[in-house]
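I hope they are handy while you have the coordinates open.

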Amino acid sequence: ILAIEYLKIIAKKGDHNFKFYAFTPYAGGDVDLTQIPADIPEDVVFGEELSQLYVASRTATSVIAPVALEFNTPSCLVKLQIPDDIVNADGGTVLKSMVLKPVNVDVFTGNLAYDATYNIYTGATTVAEGSASKEIRVTFGDQGYQMKPGYTSVSFLMAPFTVPEGGFSL
């Protein structure tokens, strides 16, 4: 409760147009909502936890709880199913690294990874100069990863994109 009466915020029955904003993950402390970290790394280590930004905003005409917020993400979660016979027809492939990139990089106008910030008020992503990449590299540790029979799921984040002419190579 504030000691100074005129600093109190009072919502009355007829008030309207309240704006609510939320994002996750939240690391704590003061956050500038016009510069929320929204990095999508170009170098990914298999098995490490992914941290995907989710944002929500809503204008409500009433503050009677609850106010439902629908979360969206300014990134894509890609989940590849890699067959164990991708290199060795008998299975037993050991993955060391892989690179996902457009087949024809010269005609691809988008980016797959970058260092960026997100403005929750405008919905705009601002990419840091010189940080954009047209490929994602996944490494599987010094010893590699012995694939299990069948398929291995490999997940990573990517920037929103339009599938380029010719598709992607892996």
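1. Let me start with Thr 152, which is buried because its relative accessibility is 4%, under the 20% limit for that class. Do keep in mind that this is a predicted model. Thr 152 sits in strand E12. Leaving aside residues up to four places away in sequence, Thr 152 touches Phe 46, Leu 80, Gln 81, Ile 82, Tyr 145 and Met 147.

2. Tyr 145 belongs to strand E11, which covers residues 145-146. Is Tyr 145 buried or exposed? With a relative accessibility of 18%, Tyr 145 counts as buried, since the class takes in values under 20%. Its contacts, again without residues up to four places away in sequence, are Phe 46, Thr 93, Val 94, Leu 95, Phe 140 and Thr 152.

3. What does Met 98 touch, not counting residues up to four places away in sequence? The list runs to Leu 80, Ile 82, Ile 136, Arg 137, Val 138, Phe 140, Val 154, Phe 156 and Leu 170.

4. Stepping back to the whole chain, the protein has 0 helices and 13 strands. Of its 170 residues, 28% count as buried. Among contacts with a separation of 6 or more, 73% are made by residues 24 or more positions apart. The accessible surface comes to about 11400 Å², and carbon and sulfur atoms account for 52% of that.

5. Please look at the peptide bond between Thr 24 and Pro 25, which is cis with an omega of about 5 degrees. As background, most peptide bonds are trans. Pro 25 lies in the loop between strand E1 (18-24) and strand E2 (36-37).

6. Pro 25 also takes part in the lining of the largest pocket, together with Phe 23, Tyr 26, Ala 27, Val 31, Ile 36, Pro 37, Ala 38, Asp 39, Ser 51, Gln 52 and Leu 53. About 220 Å³ of space lies in this pocket. By class, its lining has 9 nonpolar, 2 polar and 1 charged residues.

7. How many cavities of 30 Å³ or more does the structure hold? There is 1, and the volume of the largest cavity is about 60 Å³. Its lining is made up of Ala 38, Asp 39, Ile 40, Ser 51, Gln 52, Leu 53, Thr 73, Pro 74, Ser 75, Tyr 114, Thr 125 and Leu 157. These residues divide into 6 nonpolar, 5 polar and 1 charged. Ala 38, Asp 39, Ser 51, Gln 52 and Leu 53 line this cavity and also line the largest pocket.

8. Gly 130, in the loop between strand E9 (124-127) and strand E10, is exposed because its relative accessible area is 81%, over the 50% limit. The C-alpha atoms of Gly 130 and Tyr 114 are separated by 8.6 Å, and the two residues are 16 apart along the chain. Phe 18, in strand E1, is partly exposed, with a relative accessible area of 24%. From Phe 18 to Ala 60 the C-alpha distance is 5.2 Å, although the pair is 42 residues apart in sequence.

Note on methods
Residues are numbered from 1 along each chain as its sequence is written. This is a predicted model: local features need pLDDT of at least 70, side-chain atom pairs count only at pLDDT 80 or more; totals for chains, interfaces and linings use all residues. Side-chain values use heavy atoms; hydrogens and water are left out. On a 1 Å grid over the protein atoms alone, a cavity is a set of points where a 1.4 Å probe fits but cannot get out, and a pocket is an open set with protein on both sides within 12 Å along at least five of seven lines; lining residues have an atom within 4 Å of a point. Grid points are joined across faces, edges and corners, and a volume is the space filled by probe spheres set on the points. Ala, Val, Leu, Ile, Met, Phe, Trp, Tyr, Cys and Pro count as nonpolar, Asp, Glu, Lys and Arg as charged, and the others, Gly among them, as polar. Helices (H or I, at least four residues) and strands (E, at least two) are DSSP runs, numbered from the N terminus. Buried means under 20% relative accessible area, exposed over 50%, partly exposed in between (1.4 Å probe, protein chains only). Contact means heavy atoms within 4.5 Å. Accessible areas come from the Shrake-Rupley method with a 1.4 Å probe; for residues, only the protein chains shown count as cover.
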